[in-house]
Each structure stands twice: as C-alpha cells, then as structure tokens.
Amino acid sequence: MMARSMVSIILISALFLLTLAALAFVALVFVSLLASSLAGAPYIGMRNQYIDALLSLGGVSVEDVVCDLGCGDGRVLIAALERRRARRAVGYEISLWPFLKVVLKRYFSRFRSRLEVRRKNLLEADLSEVTIVYMYLYPLLVQRAALKINESARPGTRVVSVHYSVDLEAVPNFRLLKTAQLGSMTAYVYEIARY
Ligand SMILES: C[S@@+](CC[C@H](N)C(=O)[O-])C[C@H]1O[C@@H](n2cnc3c(N)ncnc32)[C@H](O)[C@@H]1O
C-alpha cells in the first residue's frame, strides 16, 4: 500500500515537472517569435533546398567571410562552411530560441572554430572583415540593414537579399549584379561599389 502511494507520488511529480518543462518551452518559442517579429522579421528558416543555390549566387568561396544578418538557427552559415569551405562565418541573431539553436549547432559542428554567433541587433553588426552579407528579412529591416551596409561594408562586399530588394536610391554604394528565382522567392545580389 505504502509502496503504491510512493509510486503514485513519483509519477504525479514527474508528470507535473514534464508539464512545467513543456510550458516553459512553449513560452520560450512564443516569446522568441514575438521578439523577432517586433525586431523586424520573424524566425523562419530558409528552406534547405535553396541554400546551395543561394551560396552559388553569392559566389561563396574559401576566401570569404560570410555574415548572416538575422542568422536564425545558423543553417546558411553552417552550409557556407561545410559545403563552400568559407574562411569564416559570422551570425547576428536577436531572438533567444533561434540563438540557442545556433549555439547548440555550433557546439556540435566540426567548423566551430570558424563560426561566430552573436546575440545582438544586426544593425550593430561589425562588417569590417565581411566579404558576403546574406539577409532574409522583412522590407523595413532590409532597408535599415542596407543603410548600415552602405556605410560600413568594405568596397567589393557582395550582398544577397532574399525575398525583398533594396531601395537603391537610398544606398548609393549598392550595385545590383543579378537576380534569381528560388521557387516563389526572388534573390537579389548586390555589390558595394569599388572606387
Ligand atoms: C526570416 S528569419 C531568417 C533566418 C536565417 N537567416 C535563414 O535564412 O534561415 C529572420 C531572422 O532575423 C532575426 N532578426 C529579426 N530582427 C533582428 C534584428 N534586429 N537583429 C538581429 N536579428 C534579427 C529573427 O529573429 C529571425 O531569426
């Protein structure tokens, strides 16, 4: 009798803890989604089927330092390191849930010494050594990021923006190199003017 009630107490406690953990997880994902939406773009990972095409469009090679502004779970950065042997990859992510995912993925990656992720607003990114910027954001944030890139990226830096183009009138250093269709999305490839 005594043993039975002990078992019941343990089971109920375990169930209670599991429910608490599940609720905490749902709250983390919900708050993160809200935070990323408020910051300018919700967390939606790029479809894996398009990542190779994006890396080709940007011309990612062993000499490049690739930066993903709003890197989500880091899938584009990790692909740039794994499949293109990029020299380095740097990601900025504001939202906690995708940031935790990219930190975990980085931990288990063979390329972790070449992957850097920062939990920071992308508008404060350090672009001084970056050669390719990738962004998959909403229009207002694309434009704000473009202003930042226009001011601080090195001449010759390539910029790949998925889904939304940059208003070229506001960013005099941007040159449109090409566009490509990825399913229903358009990718825009720019270069920062070389003087
Ligand atoms: C559409 S997702 C793209 C994720 C990733 N780049 C990819 O292609 O798989 C946009 C990401 O930008 C992040 N984000 C939105 N505003 C941001 C900001 N101001 N600073 C840093 N990250 C931001 C969101 O949290 C989200 O993870």
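Mentor: We'll go through the sheet, its helices and the ligand shell. Keep in mind that this is a predicted model.

Trainee: OK, the sheet. How many strands, and in what order?
Mentor: Seven strands, in an open sheet. The order is β3-β2-β1-β4-β5-β7-β6, and the pairing is mixed.

Trainee: Which strands sit at the edges?
Mentor: β3 (115–118) and β6 (174–182). Each of them pairs on one side only.

Trainee: And what's the twist from one strand to the next?
Mentor: On average, 15°.

Trainee: Let's zoom in on β1. Which way does it pair with β4, parallel or antiparallel?
Mentor: Parallel. β1 covers residues 65–69, β4 covers residues 132–135, and four bridges join them. Within that pairing, L69 has M135 as its bridge partner. C67 stands opposite V133.

Trainee: What about β1 and β2?
Mentor: That pair is parallel too, with five bridges. β2 is residues 88–92. Here C67 has V90 as its bridge partner.

Trainee: How does the chain get from β1 to β2?
Mentor: Through α3. This β-α-β crossover is right-handed.

Trainee: Is β1 buried or exposed?
Mentor: Mostly covered: five of its five residues are buried.

Trainee: Which residues go on which side?
Mentor: V65, C67 and L69 are on one side. V66 and D68 are on the other. Both faces are covered.

Trainee: Now helices. What does α2 lie across?
Mentor: α2 (residues 48–58) lies across β4, β5 (158–162), β6 and β7 (185–192). Against β5, it runs at about 150°.

Trainee: And which strands does α5 touch?
Mentor: β1, β4, β5, β6 and β7. α5 is residues 139–152, and it packs on the sheet. Its direction makes about 170° with that of β4.

Trainee: Switching topic: the ligand. How many residues surround it?
Mentor: 24. The closest are S36, A39, M46, G70 and G72.

Trainee: Which elements give two or more residues to that shell?
Mentor: α1 (2–39) and α3 (75–84).

Trainee: What's the shell like by class?
Mentor: It has 14 nonpolar, seven polar and three charged residues.

Trainee: Great, thanks. I'll go and find those on the model.

Definitions and conventions. Residues numbered from 1 in each chain as written. Predicted model: local features only at pLDDT ≥ 70, side-chain atom pairs only at ≥ 80, totals over all residues. Near = placed C-beta within 6 Å. Nonpolar A, V, L, I, M, F, W, Y, C, P; charged D, E, K, R; others polar. Pairing = 2+ DSSP bridges. Axes fitted to C-alpha atoms, helices over the stretch in contact; angles between N-to-C directions. Contact = placed C-beta atoms within 7 Å. Buried ≥ 20, exposed ≤ 12 C-beta atoms within 10 Å, placed from the backbone. Right-handed = clockwise from strand over helix to strand, strands pointing away.
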